[in-house]
Amino acid sequence: MTAETRTELPQVTSSCCSSTGGCGGGAADAASAEGITTVYDVKGMTCGHCEGAVAGEISEIAGVASVTAVAATGKVTVVSAAPLDEEAVRAAVDEAGYELVGQA
């Protein structure tokens, strides 16, 4: 006869998905614990190039840690060390060729 060995694995009670619906605990999730997260509505983004243009311009604002733009929703999530001046964000979005509607 052989003895049966049984190993119990710990139960995982949390999810990999963030409260905003994103999965994977990406850089934006990690950075948000260290800064202020603001979501903006941007009009006119239609593709990945648009996302890159908007994110690139906003990322040049002093204090910005990360930027995630999503053309499908028109949302741009910005993590910064301190609250950003909305006019600075508006100027960056304008420079990229799009329109800042306001905070989401």
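Visitor: What should I keep in mind about the numbering and the values?

Guide: Residues are numbered from 1 along each chain as its sequence is written, and side-chain values use heavy atoms, with hydrogens and water left out. As this is a predicted model, local features need pLDDT of at least 70 and side-chain atom pairs count only at pLDDT 80 or more, while totals for chains, interfaces and linings use all residues.

Visitor: Why is cysteine 50 called buried, and what is cysteine 47 called?

Guide: Buried means under 20% relative accessible area, exposed means over 50%, and partly exposed is in between (1.4 Å probe, protein chains only). Cysteine 50 has 5%, so it counts as buried. Cysteine 47 has 32% relative accessibility, and therefore counts as partly exposed. Across the 104 residues of the protein, 27% count as buried.

Visitor: What makes β1 and β3 a pair?

Guide: Two strands pair if DSSP finds at least two bridges between them. Strand β1 (residues 36–43) and strand β3 (residues 75–80) have six bridges in the antiparallel sense, so they meet that rule. Here tyrosine 40 stands opposite valine 76 in β3. Strand β2 (residues 64–70) also pairs with β3 in the antiparallel sense, over six bridges, and valine 67 has valine 78 of β3 as its bridge partner.

Visitor: What makes a set of residues a nonpolar core, and which have the most contacts inside the largest one?

Guide: A nonpolar core is a set of buried Ala, Val, Leu, Ile, Met, Phe, Trp, Tyr and Cys residues joined through side-chain atoms within 4.5 Å. The largest has 21 residues, and those with the most contacts inside it are Met45, Val54, Ile58 and Val76. Elements giving two or more residues to this core include β1, α2 (48–59) and α3 (86–96).

Visitor: Which residues is valine 54 in contact with, leaving aside its neighbours within four places in sequence?

Guide: Contact means heavy atoms within 4.5 Å. With those neighbours set aside, valine 54 is in contact with Val42, Met45, Val76, Val93, Ala96 and Tyr98.

Methods. Helix = DSSP H or I, 4+ residues; strand = E, 2+ residues; numbered from the N terminus.
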